[in-house]
Structures are given as structure tokens and as C-alpha cells.
Amino acid sequence: MAVAPDPEQIYGRAEEEGRRRLSMSLLGKVATGFIAGVTIVLGIVALGVTAALVEPTFGRELATLAGALAFGIGLVLVVVGRTELFSENLFDPVAAAVAAGGKAVWGKLLWLWISILALNMIGGAVLLSVLLVEGALPHGSADVLVRVAEEITAKPAAATLARAVLAGAL
């Protein structure tokens with residue numbers, strides 16, 4: 001029977017993973033950041049397609065739940081693929097930065113966050129440009145995605161950022 005790691009072991013693993021992420025090559029950042037953006041948009045598309053297919057038969061409430069569950073596909077792909085999502089698992093590189101100390105490592109942390117955010121957006125934009133082709137999405141999917149986008153943008157920016165950080169921490 002496996003024994004659960006103690007808090008020091010968990011922190012040590014997080015610090016080690018954080019060092020790996022802080023020392024990634026530019027190519028590694030480009031590949032993992034770009035693909036994370038693609039996979040999250042894939043999750044959003046799964047949300048829209050699923051909700052659009054479920055809503056006519058089961059109503060909006062169940063469609064919303066089914067879409068939210070389908071969105072998890074993108075998150076699973078991010079974790080399993082070890083891609084780099086801006087709001088995901090922020091603790092690890094911070095733990096490495098705290099352990100290393102010095103201004104240089106904090107600069108690497110800031111560069112990691114900025115570059116990954118930009119690459120996530122580029123990867124997502126590339127997939128979106130393909131999906132914006134008329135007929136690329138099943139009927140009704142675009143309407144669901146517009147509704148979700150309107151609900152998200154109606155929230156204050158600080159609330160959206162807080163939710164992204166909380167989701168990443170989870």
C-alpha cells in the first residue's frame with residue numbers, strides 16, 4: 001500500500017517542477033504555451049458543441065452542466081500533455097523562485113508568465129481562426145459560445161482574473 005507523501009515531500013516536488021518550468025528553453029515555452037492555448041480553446045469548443053446538442057432535448061440548465069463537464073477535456077489535455085497554461089499551477093515556479101532567491105529568478109518567473117500568456121493567446125487565436133470558418137461548428141454551437149462569452153465579459157475583469165487564478169490553483 002502506497003503511503004501519502006508528507007508536506008515537505010509535496011513542496012519539494014513542486015519546487016523541482018518549478019525549477020524545470022523556469023529553466024525551459026524558448027522552444028519548450030513556445031511548444032507548451034502554444035499547445036495549451038489550443039487545448040483550452042478545444043475545451044471551450046467542446047463546451048459549446050455539447051451544450052448545443054443537449055439543450056434542445058434536455059433544456060438549458062442540463063446543457064450548461066453538460067457543457068461545463070465537456071470543457072474539462074481541455075483541462076485534462078493541458079495536465080496530461082504537461083503543457084504550460086498561464087493560469088495553471090502557479091505555485092510550482094513560485095516555490096522554485098522563493099527557494100532560489102535573488103532578482104534574476106524573479107525576472108525568469110515574470111518572463112515565464114508573460115511569454116506563456118502571450119503564447120496561450122496565440123495558440124487559441126490560431127484554432128479560433130479555423131473554427132470561425134462558416135460551418136466548422138455544428139448548428140447552435142456558436143450561439144452557445146456567444147452566450148457564454150457574454151456572461152463572462154459581463155463580470156468585472158478582476159473577478160475573471162481571480163476565477164482564473166483560483167481555477168489554476170485548484
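Q: Helices (DSSP runs of H or I, at least four residues) and strands (DSSP runs of E, at least two) are numbered from the N terminus; in which helix is L117 found?
A: L117 sits in helix α5. One thing to keep in mind: this is a predicted model, in which local features need pLDDT of at least 70 and side-chain atom pairs count only at pLDDT 80 or more, while totals for chains, interfaces and linings use all residues. Residues are numbered from 1 along each chain as its sequence is written, and side-chain values use heavy atoms, with hydrogens and water left out.

Q: Which residues of α5 are buried, and what covers them?
A: The buried ones are V105, L109, L112, S115, I116, L119, N120, G123, G124, L127 and L131. Their cover includes α1 (7–22), α2 and α4 (91–100). Across the protein, 33% of the 170 residues count as buried.

Q: How do you know that the span of α5 agrees with its number of residues?
A: The expected span is 1.5 Å times one less than the number of residues. For the 29 residues of α5 (residues 103–131) that gives 42 Å, and the end C-alpha atoms are 42 Å apart, so the two agree.

Q: What makes Y11 and F91 an aromatic pair, and of which kind?
A: Rings of Phe, Tyr and Trp (its six-membered ring) pair if their centres lie within 6.5 Å; planes under 30 degrees apart count as stacked, over 60 as edge-to-face and the rest as tilted. The centres of Y11 and F91 are 5.7 Å apart and their planes 70° apart, making the pair edge-to-face. By this rule, one aromatic pair is counted.

Q: Which parts does this pair tie together?
A: Y11 lies in helix α1 and F91 in helix α4, so the pair links parts that are 80 residues apart in sequence. Their C-alpha atoms are 9.6 Å apart. Contact means heavy atoms within 4.5 Å, and beyond its neighbours within four places in sequence, F91 is in contact with Y11 and A14. At 33% relative accessibility Y11 counts as partly exposed, and at 43% F91 does too.

Q: How is the packing of α2 and α6 described?
A: Two packed helices are described by the angle between their axes and the distance between the axes. Axes are lines fitted to C-alpha atoms, for helices over the stretch in contact, and angles run from 0 to 180 degrees between N-to-C directions. For α2 (residues 26–58) and α6 (residues 141–153), the angle is about 115° and the axes are 8 Å apart.

Q: Which residues of α2 and α6 meet?
A: From α2 come I44, L47, G48, V49, A51, A52 and E55, and from α6 come S141, V144, L145, R147 and V148. This contact divides into eight nonpolar, two polar and two charged residues. Here Ala, Val, Leu, Ile, Met, Phe, Trp, Tyr, Cys and Pro count as nonpolar, Asp, Glu, Lys and Arg as charged, and the others, Gly among them, as polar.

Key
Buried < 20%, exposed > 50% of the residue type's maximum accessible area, 1.4 Å probe, protein only.
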